[in-house]
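User: Hi! I'm new to reading protein structures. Could you walk me through this one?
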Number of protein chains: 4
Amino acid sequence: MKRARIAILGASGYTGAELVRLLLDHSRAEIVALTGESKAGLSMGEVYPHLAPYNLPKLVKIEELDWSGFELAFCALPHGTTQNVIKTALAANSNLKIVDLSADFRLHDVEAYARWYGQAHQAPALQAEAVYGLTELYRRDIKKARLVANPGCYTTASILPLVPLLKKRIIAHDPIVVDAKSGVTGAGRAAKESSLFTEVAEGFHAYGVGHHRHMSELDQEFSKAADREVLASFTPHLLPINRGILATIYVNLRKGKTIEDTHATLASAYRGEDFVKVLPLGQLPSTRHVRGSNLCLIGLTKDRQKGRIILVSALDNLVKGASGQAVQNMNLMLDYDESLGLTQAPLFP
Amino acid sequence: MKRARIAILGASGYTGAELVRLLLDHSRAEIVALTGESKAGLSMGEVYPHLAPYNLPKLVKIEELDWSGFELAFCALPHGTTQNVIKTALAANSNLKIVDLSADFRLHDVEAYARWYGQAHQAPALQAEAVYGLTELYRRDIKKARLVANPGCYTTASILPLVPLLKKRIIAHDPIVVDAKSGVTGAGRAAKESSLFTEVAEGFHAYGVGHHRHMSELDQEFSKAADREVLASFTPHLLPINRGILATIYVNLRKGKTIEDTHATLASAYRGEDFVKVLPLGQLPSTRHVRGSNLCLIGLTKDRQKGRIILVSALDNLVKGASGQAVQNMNLMLDYDESLGLTQAPLFP
Amino acid sequence: MKRARIAILGASGYTGAELVRLLLDHSRAEIVALTGESKAGLSMGEVYPHLAPYNLPKLVKIEELDWSGFELAFCALPHGTTQNVIKTALAANSNLKIVDLSADFRLHDVEAYARWYGQAHQAPALQAEAVYGLTELYRRDIKKARLVANPGCYTTASILPLVPLLKKRIIAHDPIVVDAKSGVTGAGRAAKESSLFTEVAEGFHAYGVGHHRHMSELDQEFSKAADREVLASFTPHLLPINRGILATIYVNLRKGKTIEDTHATLASAYRGEDFVKVLPLGQLPSTRHVRGSNLCLIGLTKDRQKGRIILVSALDNLVKGASGQAVQNMNLMLDYDESLGLTQAPLFP
Amino acid sequence: MKRARIAILGASGYTGAELVRLLLDHSRAEIVALTGESKAGLSMGEVYPHLAPYNLPKLVKIEELDWSGFELAFCALPHGTTQNVIKTALAANSNLKIVDLSADFRLHDVEAYARWYGQAHQAPALQAEAVYGLTELYRRDIKKARLVANPGCYTTASILPLVPLLKKRIIAHDPIVVDAKSGVTGAGRAAKESSLFTEVAEGFHAYGVGHHRHMSELDQEFSKAADREVLASFTPHLLPINRGILATIYVNLRKGKTIEDTHATLASAYRGEDFVKVLPLGQLPSTRHVRGSNLCLIGLTKDRQKGRIILVSALDNLVKGASGQAVQNMNLMLDYDESLGLTQAPLFP
């Protein structure tokens, strides 16, 4: 069967390497180009020894790419620079399809982008064109899109349990508390003191409280679903694990709604989905039960306060929270089976 | 200087071993008896090799104890059996002082005890006599007490930041969300599948949602402080670390109150305390910064929703959350300097 | 394409669950029966929540199996009981193929078995028939075998680097020091104090020094390769990780042999192999670069003492060290492509 | 009681912070100066939040120090720069006592220094004066020394079990295999990719094989003890833990010597020592049983090959492997009780 020619920009980061891992096991994709600015000239095996056994192109600089040489590119580059790279790419090859894993095209509102990211957007026309790549919510648009903005990891973990409940008016739009915990891969491979083993292992702390950029995506999607402004409380924490996000979410039911309504709404929203699973009422997920897979598990239970419920979602931040969802979107954009190459069961223990 | 003769009941558990660690470095305490029902006859070094280099009494059964042979006993036994042991002990030696680390004497209300622990209390008179051992709150009573009920670890981490704010009417009594995370030592040394390395490492999950027994202590202390019934939402989670509790707490300010009032109230409540430290506004603690020490650190920051704040507390569940606070109480009961033997700085990294 | 009907005996252990994970992604295998004595009646999802999203048979007791209902069975049962189960199985269905992951059929010598395992073998005829399942060494026999004895994890990590060197007389048969380190999954899912998170995390120790049962396999295979008795020094250690074995091996070159000879011998022995990779001279492997994969990586380097070299091998004890090699053997026995279902790249980080 | 005035140079590194932790609990030491070139101007609490609760001097640059302001300085600076700093310090205050934790004064042979460290020594006269700070071996000289060269962590773990056996001619001088494993704090606080949590957790590997600089110290001390050249095989590995070194050591007995002789020799060498403990024959230590303490535990057992034995030593690389031994040396140099401030029991779990 024909394989689509694929480029991965920013292959020297963890989400880039994870894209490689997933595509190596994908029957309809062929990796033809890998970029890594500071590692250009090296083989993937030199940058990531776990990929040494595989036959992969060398890392090059973006400027060395021939944009006509592939049908789809994954962009796993820092926000800010991404928008110019994509503008250039689409100017060079207007048929190119792109899944962007940066934050550059996630916000529809250019003012929100400028406010949260501290600079004016350099490609507002593309920003208007981009489709938000939360696959289960925007499947239809993604199928037709040229540019998909893959959501953030915290965002995916929060949107999947809450958007159906806001849309169907099951829960109140306020207060919503999202207490989220992430593994260290979320911080990337940059050599920072705060990411050292010695600064992370045998410990736990909150960070970015009150001003984490993923909030802007939550605001956009929650407000759209509720059809009014929604501002959730959101606290990210750093777990001493490599992979995994767990979000514990506290919400109030709207008058007359029950936890059974909540469960039924979620179960119905995700019936037949390959990757989003709603657990039986009262059962809660663990990050270790999704490791390495594209699954997002959602559980919910009563709070002891009447009218309140607690939802818990779990996913692997590098898979459903990043590269797995990116491949899921690629599958739609290339008209493949949506789950192709994503059926690996979780790695436990 | 004279050393008080001390017994530790339940020395084969982690809180028991931690009491030994702390008392070995205490200039006014001498460990004269150690019990461990299933390990009776063994030396401490056989049960805990890290204690092999120290000169310690052998483990015996409780029935072998001579209750007149020591001035103070720590009880680190399972709840339920504890109350009978203590009744017996005080009947045999009415001058004995006891710090109980179980849950048996924490609840003043016998009905609450029966409801949460599933059995009628066997020593209601002692339950009435017992002083709740949250040292910073009940110091005066602890000094005069014969029986101190040492608080739970989650409870200490929640009470220290919230009780002063409820008392001074800074925050609303509802909603209060306590999203708490604990290291694995909290589960004790029992050989359970759920505590295996392979079931805990590289993962994270919530447990006991909606019905954890520490809630009963929170209810008692929060309601007392607020002078009305308070029911906090409380979710415990299991961290893949040995030691440490971090509680992330979401509260609403009462009308007219500010985050500066909140900070000032906490700073004033704990001014001069050796072990409870309120961080500068906006700074949040980490569990790794209290490891092995008797410290509880409290930080707070604004939520982006007006009128809401986020508090974070951190302590070592085996020290300030259990054995350290027990020694702190012992110091008061024996009229020692309150911080004696508890001044070790945290072990980081 | 037709899928072979497969049973997994002992599916409630970690190697059983790992077989399920691998076979779920195998295009020519269908899991039709799962056994678990103490968990019989439960679904796999109840025993292993990470497998809940998949459609799998319920766990039953071995006595409930219809031996004619499948073409191949994996036995992941404790040693000792295994031999009787397999005797029964083959008596009921003499066409059945079996890959046994226990130690029961690994030793060809019944006296060695009795000595190391403390009991006489109950099925000596089958023991004589069984083929040792170190795939790269015994591929031809495995293809024709009815009963394959899958090697131990430490053994695979030691045999792969050393047997070609002993066979080709590159290294001396004595001394050989194998300093081996394993992740905790090697201890299985039994609830033992020594496997608790709190007893393993943030620590490291040697165990079973001088009398680990995997030595008996080493003795058999090393002696066979060298054509004389070989007794390696072997020390296993427990790593605070879930998966992975790393063996650091100290050997002496035979007179006239060089490290280049050593490297060339290994490179030639494993040329074209899908799962055994010899790294460039001087480069050494890490367990994290094989996690979740069926790879075994081998590196070697000069010691500073003339005539001595250090070899390091790494594999995932649950995959190439157990269930992955078992599937590799199944593929041969069922005349499939040897790497079918085993091509997943390592999961890093 | 009078406290000696102490400076810590390089207090922003882990061994510097560990010196602070130990001296905070030391009744005869007062920290009067802390340096940290890149962190000058910050408080210790800003650099190490776990030390924020303590009253400590601000970090300054070395050039700001008044060398006459303290009686003893700990140097925890990089090798190479250290020798000039110490030369300057002793020129300014010839009564100053110095414990140097770098490698600059450990080798008595200036040529060996040049060969291993790639540069000529800048202070050969001081190198000749310096005493090697392996306390148990050189106690008498340390008491009188002005400049003590504190040994490396791997070195301490290897020298303590082997030097008495080489001295007493119990074991052969060749072959000696030291397979050593260290926690990540050994790599310091520098922000390097290889020290990231994601590159270390859930994995294990060897490094620096064949050319680790601690070998030069082993060569010096082993050769001195054996009175002939000794070249041990030495392989360091990186453990995914914060603290701890475990060395597994393979040696041959000399003709006529037994394991009982070996045990008796070690037991006699360390009889009465506070910090070096020889375990009963056959019992082996774990790193978790020394965490945070100044202990070194030594165990030994028979190999199954006649005439060979396996020794295992364990210590905390930041304590007995660095800062704890430095304080032990300080105690001797200031004529204090050798164990003052070092009696904390290990922190387990």
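**Where chains B and A meet**

Analyst: Happy to! In this predicted model, 36 residue pairs are in polar contact across the interface of chain B and chain A, both residues of a pair being at pLDDT 80 or more.

User: Which parts of chain B supply the side that touches chain A?
Analyst: β8, α8 (197–200), β9 (205–206), α9 (214–226), β10, β11, β13 (296–302) and β14 (308–315) of chain B each supply at least two residues of that side. β8(B) gives the most, with six residues.

User: What kinds of residues are on that side of chain B?
Analyst: The side of chain B that touches chain A has 22 nonpolar, 13 polar and 13 charged residues.

User: OK, and how many residues are in contact between chain B and chain A?
Analyst: 48 residues of chain B are in contact with 48 residues of chain A. The area buried between the two chains is about 4,000 Å², and carbon and sulfur atoms give 49% of that area.

User: How many salt bridges are found across the interface of chain B and chain A?
Analyst: Eight salt bridges are found across that interface. One of the pairs between these chains is B:Arg304 with A:Asp219, whose side chains meet at 2.6 Å, N to O. Another salt bridge is formed by the side chains of B:Asp174 and A:Arg308, at 2.6 Å, N to O. B:Asp174 lies in strand β8 (residues 171–182) of chain B and A:Arg308 in strand β14 (residues 308–315) of chain A, so this pair joins two chains.

User: Are B:Asp174 and A:Arg308 buried or partly exposed?
Analyst: B:Asp174 counts as partly exposed because its relative accessibility is 26%. A:Arg308 counts as buried, with 14% relative accessibility.

User: Let's zoom out. How many salt bridges does the structure hold over all chains?
Analyst: The structure holds 68 of them over all chains.

User: Which residue forms a salt bridge with B:Arg243?
Analyst: B:Glu18 does, and the closest N and O atoms are 2.7 Å apart. The pair links distant parts of the chain, 225 residues apart. B:Arg243 is in the loop between β10 (233–238) and β11 (245–253) of chain B, and B:Glu18 is in helix α1 (residues 14–24) of chain B. Both B:Arg243 and B:Glu18 are buried.

User: What about chain A, which residues are linked in a network of salt bridges?
Analyst: That network links A:Glu18, A:Arg21, A:Arg243 and A:Asp316.

User: And in chain D, which residue forms a salt bridge with D:Lys181?
Analyst: D:Asp179 does, with the closest N and O atoms 2.8 Å apart. D:Lys181 counts as buried at 0% relative accessibility, and D:Asp179 is buried with a relative accessible area of 0%.

User: New topic: where is B:Thr155?
Analyst: B:Thr155 sits in helix α7 (residues 153–167) of chain B. B:Thr155 is buried, with a relative accessible area of 0%.

User: Which residues does B:Thr155 touch?
Analyst: Not counting residues up to four places away in sequence, B:Thr155 touches B:Tyr132, B:His214, B:Glu217 and B:Leu218. With B:Glu217 there is also a polar contact between side chains, at 3.2 Å.

User: Last one! What rotation superposes chain C on chain B?
Analyst: A rotation of 180° does, with 0.0 Å of shift along its axis and an RMSD of 0.0 Å. That is the relation of a two-fold axis. The same surface serves both copies, since 100% of the contact residues of chain C recur in chain B.

How values were computed: Residues are numbered from 1 along each chain as its sequence is written. Chains are lettered from A and ligands numbered from 1 in the order in which they are written. This is a predicted model: local features need pLDDT of at least 70, side-chain atom pairs count only at pLDDT 80 or more; totals for chains, interfaces and linings use all residues. Side-chain values use heavy atoms; hydrogens and water are left out. Helices (H or I, at least four residues) and strands (E, at least two) are DSSP runs, numbered from the N terminus. Buried means under 20% relative accessible area, exposed over 50%, partly exposed in between (1.4 Å probe, protein chains only). A polar contact is a pair of N or O atoms within 3.5 Å; within protein, one must be able to donate a hydrogen and the other to accept it, and residues adjacent in sequence count only if both atoms are side-chain atoms. Contact means heavy atoms within 4.5 Å. Copies are superposed by least squares on the C-alpha atoms of residues with pLDDT of at least 70 in both. A salt bridge is a side-chain nitrogen of Lys or Arg within 4 Å of a carboxyl oxygen of Asp or Glu. Buried area is the accessible area (1.4 Å probe) that two parts lose on being put together, summed over both. Ala, Val, Leu, Ile, Met, Phe, Trp, Tyr, Cys and Pro count as nonpolar, Asp, Glu, Lys and Arg as charged, and the others, Gly among them, as polar.
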